[in-house]
Amino acid sequence: MILRIDRIQTDMPPPSDPDPAGAARVQELMGGRFGEMSTLMNYTFQSFNFRNRQGARPFYDLIANIAAEEYGHIELVAVAINTMLTGSTPPANGKPPGDAMKDLKDQAINPHHFLAGGQGALPQDSRGNPWTGDYVFSSGDLVEDLTHNFFLETGARNNKLKVYQMCDHPAARALTGYLLVRGGVHQVAYARAVELLTGADLTKMFPAPRIPTDKIPECQPHIEKGLHKKLYRFSPNDYKEIVAVFTGPHPETGEPLEVVDEAPEGFPPHDLPSQPADYAPEEIKEIAQKLRKKAGLPDEPLGVVASSPENGGGSLTDKVKDKIS
Ligand SMILES: [Fe+2]
């Protein structure tokens, strides 16, 4: 079972200037062959299909937990895409319907972001192709699966670097800065697992990709917090045998690898403004408020967000904060 926590794994910036063409590129990190849907589903199916778990428990625990972290990575990619799309069309840009999409006409957008969705992330790659289960490799052979996973993380980190280079929107940069660091941990984890099983050190045999995360400013805060050497255990009481595999020195820095016995604390997301809908959002809000009252809930919503459309969608509060600090 999965326990769900209503926070995102890293702090993401509020909406600023929209970048729908950049959002189309970031889709590669969602539904591309090496995207987060692929890492999530590869490790999820490998853990579902894992036979004789008790006989190989540390390896099962490792794969199952990295799968859990990948769920949060999909969420972060969606946050970045949605943030970058915010303000691309009315009501945010204030133009009448005939002119609303004018700015998008010559941009390399994903039309599905506007035609088939409410300016939200889709399970597609950067060309608009749907993610497919054919990207999942679950052979039942542990060494094959772990070697595949190392390669998958290699490709995933390459894609993240390329998206970093192709998109300068703050949301894309914050996303790739965090995922480059976390993908590095997963790459190390799978390499160590193969090493402990076979003696082969994949980090020496295939020292790729060479990504100087220490020179990428958006990676810095995460490296300073030690997130390049920590693996989270995403469960209150289970999967305690990860420590048997995620152990020893980090192959690049020599620092000891650590298992953290809890999920990351996380950050509240910015609550993005509604898009035009067939059914008035104000009426939905009214109905929701009545239902909340009837259920005996307090007047203020119980969920926590970093900012909401009512207080400027985040940008306003952040600008004020910038002025003060
Ligand atoms: Fe990931």
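Predicted model: local features only at pLDDT ≥ 70, side-chain atom pairs only at ≥ 80, totals over all residues.
Figure 1. Thr132 counts as partly exposed, because 14 C-beta neighbours lie inside 10 Å, whereas a buried residue would need 20 or more. The residue is found in the loop between helix 4 (112–115) and helix 5. Thr132 and Ala23 are separated by 109 residues in sequence, and their C-alpha atoms are 20 Å apart in space.

**Figure 2. Packing of helix 2 (residues 36–48) and helix 5 (residues 142–166).** The two helices pack at an angle of about 170 degrees, and their axes are 11 Å apart. Helix 2 is therefore roughly antiparallel to helix 5, as the angle is over 145 degrees. Helix 2 contributes Ser38, Thr39, Asn42, Tyr43 and Gln46 to the contact, and helix 5 contributes Asp145, Asn149, Leu152 and Ala156. By class, the contact of helix 2 with helix 5 comprises 3 nonpolar, 5 polar and 1 charged residues.

**Figure 3. Helix 3 (residues 57–85) and the residue Gly87.** The end C-alpha atoms of helix 3 are 43 Å apart, which agrees with the 42 Å that its 29 residues should span at 1.5 Å a residue. Of these 29 residues, 25 are buried, so helix 3 is largely enclosed by the rest of the structure. Just after helix 3, Gly87 adopts a positive phi of about 95 degrees.

**Figure 4. Domain 1 and domain 2 of the chain.** The domain assignment places residues 20–260 in domain 1 and residues 281–324 in domain 2. A distance of 30 Å separates the C-alpha centres of domain 1 and domain 2.

Terms used. Residues numbered from 1 in each chain as written. Helix = DSSP H or I, 4+ residues; strand = E, 2+ residues; numbered from the N terminus. Expected span 1.5 Å × (residues − 1). Buried ≥ 20, exposed ≤ 12 C-beta atoms within 10 Å, placed from the backbone. Domains from an automatic or database assignment. Axes fitted to C-alpha atoms, helices over the stretch in contact; angles between N-to-C directions. Parallel < 35°, antiparallel > 145°, perpendicular 65-115°, else oblique. Contact = placed C-beta atoms within 7 Å. Nonpolar A, V, L, I, M, F, W, Y, C, P; charged D, E, K, R; others polar.
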